[in-house]
Amino acid sequence: MTNSYDASNQVPVQPEYGDRRFAGPLENSASAVSWGAIFAGAVGAAALAMILLMLGTGLGLSSVSPWEDHGLQASTVGKATIGWLIFTQIAASGMGGYLAGRLRTRWAATHVDEIYFRDTAHGFLAWAVASLISAVLLTSTLGAIVGGGAKAVGSVAGGAASTSANAVSTGASGMSGSSMGYFVHSLFRTTANPSVTDNAPAAEPAGMPGAQPQTPAVTPSQLGEVTGIFANSLRTGALSPEDQQYVAQLVAQHTGMSQKDAEARVQAVYGKVQTTWQDAKTEAKKAADAARKTAIHLTLWTFISLLIGAFVASLCATYGGRQRDL
């Protein structure tokens, strides 16, 4: 009596995750990529990342205070921001990768190494799609942040020049609160007449015989003209002798000083303007360099957090796939 073997009556052995057995002659013809699971994991990861970023923004804004000795320092806020970016990537990518692995189809008659590779690929693809979704949804926000940062750096670098230009364009009425307006007004401060001695008789009231003439008040147009001369001299690098003589004449006319003393005052005040200008340029360069370094560090740590997210998504997808095949 012979026993015949019929392969069609045998139930194929399904491999377990971690088992290196093959399924025999049967092979699953389904696609190796479960796009539905990948998109589901990507949407979940993108949504969680958006929520966490909003939460981090709120926590970051609440931790900064304009008052001294209140809130967190700038360095502490920067470290907290980097830490929150990394945490967001780990949490969102981990959940997206786990969903992609857990929701994928079951691959029958597939070697365990192939299943491990496919799960890893599913996690990576879920992370990639989530990153693209986040980039599309946050394009306007990220563009505003990057553009605003670049604009701020340029504004800081040219802050001193814009201050002088604004002072010239607004005229005397808008210069009272600016440094340039302060220096220009200081030129026309009236002082006691140095030619009058203590033993000389006091000046008689205006309109009486022997009374000294009153100096005319400086007009807004004259203040604006002097401001423009100073601003132009700062751009060219020096106050020309013609401009110095002209400004000194205005000062002598409105203060009663001699031409020589007026020129000395103009030179002294212009020296203070130049010192203030150079200090402002130095501070602007320091601020621009600090902004550049901050942008570099933030970009570098964002890149590192994205790499961490890709790794976590791939790892969690293998864990989700293992749970799927149990």
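Q: Is Tyr270 buried or exposed?
A: Quick caveat before the answer: this is a predicted model, where local features need pLDDT of at least 70, side-chain atom pairs need 80 or more, and totals for chains, interfaces and linings use all residues. Numbering runs from 1 along each chain as its sequence is written, and side-chain values use heavy atoms, leaving out hydrogens and water. Here, buried means under 20% relative accessible area, exposed over 50%, and partly exposed in between, with a 1.4 Å probe and protein chains only. At 2% relative accessibility, Tyr270 counts as buried.

Q: Which aromatic residue pairs with Tyr270 edge-to-face?
A: Rings of Phe, Tyr and Trp (its six-membered ring) pair if their centres lie within 6.5 Å; planes under 30 degrees apart are stacked, over 60 edge-to-face, and the rest tilted. Tyr270's pair has 5.5 Å centre to centre and 65 degrees between the planes. The partner sits in helix α7, while Tyr270 is in helix α9, 40 residues apart. That partner is Phe230.

Q: How are the rings of Phe124 and Trp127 arranged?
A: These two are three residues apart in helix α3, about one helical turn. Phe124 is partly exposed at 42%, whereas Trp127 is buried at 16%. Their ring centres are 5.5 Å apart and the planes meet at 40 degrees, so the pair is tilted.

Q: Which helices do the buried residues of α8 pack against?
A: Helices here are DSSP runs (H or I, at least four residues), numbered from the N terminus. The buried residues of α8 include Val247, Leu250 and Val251. With contact meaning heavy atoms within 4.5 Å, Val251 touches residues including Leu187, Phe188 and Val266. The packing partners of α8 are α6, α7 and α9.

Q: Which residue's backbone oxygen lies 3.2 Å from a polar atom of the Arg104 side chain?
A: Arg104 is found in the loop between α2 and α3. Despite being an arginine, Arg104 is buried, with a relative accessible area of 1%. The backbone oxygen in question belongs to Gly321.

Methods
Polar contact = N/O pair within 3.5 Å; in protein donor to acceptor, adjacent residues only side chain to side chain. Lists of a residue's contacts leave out its neighbours within four places in sequence.
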